[in-house]
Amino acid sequence: MTVIAKQRPFTITMELTHRCPLQCLYCSNPMELISKENELSLDHWISIVDQAADLSIVQANLTGGEPLAYPRLTSVVAQLKKRDIYSNLITSGIGLTEKVLEELVSCGLESIQISLQSANASTAELIAGWNAQAQKMSSLNLALRQKIPVSLNVVLHKYNIDEVGEIIDLAAELNVKRLELANTQFYGFALANRENLLPSEKQMENAVAVYDLKKKQLAAKIQMSWIIGDYLERSPKPCMGGWANQHIVVSADGTAYPCLAAGAIKTLSFPSTKEKSLQWIWEESPAFNAFRGTDWMLEPCRSCEFREKDFGGCRCQAFLLTGDAAQADPVCKLSPHHQLVEEKIKKANAPLASTKELIYRLN
């Protein structure tokens, strides 16, 4: 039975381009990147902003790839401001000069999130594929001098999770007001590098202890958040507040998804904004309605007391691990496929954990 959305989406994520100067091992973009030739025109993005406003969307995340590689970024920001949609730029910082930042702020940019791979330059180079640490630090310092909110994001995995204390100390030294420590989500290139990126349970335990201690010590100075990762949690992560319940993503080629990773589900056909309006996509698209509510659930989710809290876990993860997006997320210990996750953890916990060749994102 189709379950139509009872509320409007809160956030739209606009993947303006898949182009990016970095080659990060954990990139969540699909392995088959959208080429420059297939990117949406500015007029189409302006139309999407207008449709988002008509849907009462209140926030837009501008991302990529690297959104600064999109040449008409300021025009998109200006349209968001015109339609009273809060704009948040999610960037690596590469290409963020003082002039570019001033133009974006003058056009109405309201917040910015900049990523670092590590507090350590050599670790950062291993993760990103080249040494961009100095450029990133310069961009972060530029942003911190502007009168808009700035947050720092660091994706955690086997190569840098032991440096959590150093990362937090660096953020405090820079006077960053908000730090997001986001454990790797295994989609796209991160999935291809999963054997190299998944930390051991001991690494995670130690990192959480450091985080908890630092958070208490620096509570008056910096707001910190810990984004749960895949596989090592005790319970499955909620699926974006429920599948197609709060969020809509428009990719660089105009395809619409309920979340950034949903394109991995090959059993669903996702609609294009070139053919359908955002309102139709949100309200009537079979793909967006596929996992709304609880009627779609199989056991053990269907009768689980937490089914409206964790929504059965991540649909994308369920598909990637079992081939069926309707299955319980295998992270859940009640899942009949939980052994698939246990096998990955066992490998990560091995004293001499095997590693595969690193697969860097190709631009």
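Which residues line the largest cavity? The legends below take that up after a look at the whole chain, in what is a predicted model throughout.

Figure 1. Welcome to the overview. Along its principal axes, the C-alpha trace spans about 55 × 50 × 40 Å. Of the 363 residues, 53% count as buried. If we take contacts between residues at least 6 apart in sequence, 73% of them join residues at least 24 apart.

**Figure 2. The largest cavity and its lining.** Here is the reply to our opening question: the lining is made up of Leu156, Asn183, Thr184, Phe186, Leu198, Pro199, Met204, Gly229, Asp230 and Leu232. By class, these are 6 nonpolar, 3 polar and 1 charged residues. The space inside the largest cavity is about 60 Å³. A search of the whole structure finds 3 cavities of 30 Å³ or more.

**Figure 3. The second largest pocket, with about 510 Å³ of space.** This pocket is lined by 22 residues, and those closest to its centre are Pro30, Met31, Gly263, Ala264 and Lys266. Sorted by class, its lining has 11 nonpolar, 7 polar and 4 charged residues.

Figure 4. Asn153 counts as buried because its relative accessibility is 7%, under the 20% cut-off. The side chains of Asn153 and Glu180 are joined by a polar contact of 2.5 Å. Leaving aside neighbours within four places in sequence, Asn153 is in contact with Gln113, Ile114, Ser115, Leu116, Glu180 and Ala182.

**Figure 5. Ala262, a buried loop residue.** The loop that holds Ala262 runs between strand 9 (256–257) and helix 10 (278–284). With a relative accessibility of 0%, Ala262 counts as buried. Not counting residues up to four places away in sequence, Ala262 touches Trp243, Tyr257, Phe270 and Cys316. From Ala262 to Ser335 there are 73 residues in sequence and 21 Å in space, C-alpha to C-alpha.

**Figure 6. Two cis peptide bonds, at Gly64 to Gly65 and at Glu299 to Pro300.** The bond from Gly64 to Gly65 is cis, with omega near 25°. Gly65 sits in the loop between strand 2 (59–63) and helix 2 (73–82). Another cis bond joins Glu299 and Pro300, with omega about 10°. Look for Pro300 in the loop between helix 11 (286–289) and helix 12 (315–322).

**Figure 7. Positive phi at Asn175 and Ala244.** Most residues other than glycine have a negative phi. Asn175 has a positive phi, near 70°, and belongs to the loop between helix 6 (164–174) and strand 6 (178–183). At 37% relative accessibility, Asn175 counts as partly exposed. The phi of Ala244 is also positive, near 50°. Ala244 lies in the loop between strand 7 (223–227) and strand 8 (247–250). Its relative accessible area is 2%, so Ala244 is buried.

Note on methods. Residues are numbered from 1 along each chain as its sequence is written. This is a predicted model: local features need pLDDT of at least 70, side-chain atom pairs count only at pLDDT 80 or more; totals for chains, interfaces and linings use all residues. Side-chain values use heavy atoms; hydrogens and water are left out. Buried means under 20% relative accessible area, exposed over 50%, partly exposed in between (1.4 Å probe, protein chains only). A polar contact is a pair of N or O atoms within 3.5 Å; within protein, one must be able to donate a hydrogen and the other to accept it, and residues adjacent in sequence count only if both atoms are side-chain atoms. Contact means heavy atoms within 4.5 Å. On a 1 Å grid over the protein atoms alone, a cavity is a set of points where a 1.4 Å probe fits but cannot get out, and a pocket is an open set with protein on both sides within 12 Å along at least five of seven lines; lining residues have an atom within 4 Å of a point. Grid points are joined across faces, edges and corners, and a volume is the space filled by probe spheres set on the points. Ala, Val, Leu, Ile, Met, Phe, Trp, Tyr, Cys and Pro count as nonpolar, Asp, Glu, Lys and Arg as charged, and the others, Gly among them, as polar. Helices (H or I, at least four residues) and strands (E, at least two) are DSSP runs, numbered from the N terminus.
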